Amino acid sequence: MRKRAILTLSAVLALSVASTVYAHLTGAFADFLVTVNDESTTAKLKQEVANTKQQISELTPRIEKMKSQYEGNRQVAVDKLQFYSEMGLDTWLSLLLQESSPADVMGSQWLIERNLDAYMRDLDQLYLEYKQLVTTKETLAGHEKLLAVIQENLAARGAFLADNPELPLDQLANYLDIDWMSEVEPKLMAFLEEDRSLTEQHTREWAMSAQEGHDYKLPETWLNERSQLKYFFRSDHIYTVFQKPSLHVILIGQVLKAQDGVATLTYEAGFFNGFLMPGTLIEELKGFRIPTEQLQLLPGVQKDIHVQQSSGALLLQKP
């Protein structure tokens, strides 16, 4: 925050008509006047920290257990592969040729095929274990990154108060309001508009970017690679982060289906430099949109499709 500029602007405001200044201070950050020193206003943010830490603590031992199981099964697969390689196709064919009757040949062939089929099933299971391990690790990494971002937002609150010690509440509220209107709101709303246009026009591209088999999903990585903002997709909430030097905003919302059938990121709370944002500001911030008609153009999708939140991606589920 540019203190000198803010102090100058505040002095000008102080020389204005008292009623005008008062109207400004009781505008967007009216609640801030009485809650600036109330730590309960960060309760939701701190609860998100606690929840994220709990998820990390639960995932960490699971990952270690899954890793141990996977490595054990992988070694079994390696041993089997080495056995089949050393035996060679010629050895199997010689066993078939040594049989004295067609029935014995067919029996030996059946045993070989059964063993090979069982081995392929083991490999498929091993691959599934590997994918689950990778997904769980990615979820844990996402939780850790989100935790760091939330803690940065909380730290910004302490820095703001430390930079402006012993100032009256109305002056602090004025500073916060000025920073929001001049440094944050125009850029944040422009970035949200860009992302809304991006998702509305390129939903199919987004879904096709991470298709696995017949399933579709919308990964946060695709959006983050194209956005000026940072998104964290979780099963409970979607977090949107706007960050500049000395400015830190976290918006918390959910992807909900609107009356027109469009899945929309709807914000329910927000924190600017660790301070709870007024509801009047949250209402002005519109998240990205996922048009149903775009989803229906995806290969294999003929009817409505449900958008479900998950860690790292939005899952598209067919009815």
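Visitor: Hi! Which strands form the open sheet, and in what order?
Guide: Hello! In this predicted model, 3 strands make up an open sheet, ordered β1-β9-β8, and their pairing is antiparallel.

Visitor: Which ones are the edge strands?
Guide: Those are β1 (216-219) and β8 (306-310), since each of them pairs on one side only.

Visitor: And how much twist is there from one strand to the next?
Guide: The twist averages 25° from one strand to the next.

Visitor: What actually holds strands of a sheet together?
Guide: Strands of a sheet pair through backbone hydrogen bonds, and the pairing can be parallel or antiparallel.

Visitor: OK, how many bridges join β1 to β9?
Guide: There are 4 bridges between β1 and β9 (residues 313-317), and the two strands run antiparallel. If you'd like a spot to look at, find tyrosine 216, which stands opposite leucine 316 in β9.

Visitor: Changing topic: how many salt bridges are there in the whole structure?
Guide: A search of the whole structure turns up 5 salt bridges. As background, side chains of opposite charge can pair when their charged atoms come close.

Visitor: Which residue does arginine 196 meet in a salt bridge?
Guide: Its partner is glutamate 193, with 2.3 Å from N to O. Both sit in helix α6 (residues 169-201), and because they are 3 residues apart there, about one helical turn separates them.

Visitor: Is arginine 196 buried or exposed?
Guide: Arginine 196 is buried, because its relative accessible area of 15% falls under the 20% cut-off. Glutamate 193 counts as partly exposed, at 42% relative accessibility.

Visitor: What does glutamate 200 form a salt bridge with?
Guide: With arginine 289, where the closest N and O atoms are 2.6 Å apart. This pair links distant parts of the chain: glutamate 200 is in helix α6 and arginine 289 is in strand β7 (residues 289-290), 89 residues apart. Glutamate 200 is partly exposed at 29%, and arginine 289 is partly exposed at 24%.

Visitor: Where do arginine 226 and glutamate 205 lie?
Guide: The side chains of these two meet in a salt bridge at 3.8 Å, N to O. Arginine 226 lies in the loop between α8 (220-224) and β2 (230-233), while glutamate 205 is in helix α7 (residues 203-208), so the pair ties together parts that are 21 residues apart in sequence.

Visitor: Which residues do salt bridges that share partners join into one network?
Guide: That network is made of Glu205, Glu225 and Arg226.

Technical notes. Residues numbered from 1 in each chain as written. Predicted model: local features only at pLDDT ≥ 70, side-chain atom pairs only at ≥ 80, totals over all residues. Heavy atoms only, no water. Pairing = 2+ DSSP bridges. Axes fitted to C-alpha atoms, helices over the stretch in contact; angles between N-to-C directions. Salt bridge = Lys/Arg side-chain N within 4 Å of Asp/Glu carboxyl O. Buried < 20%, exposed > 50% of the residue type's maximum accessible area, 1.4 Å probe, protein only.
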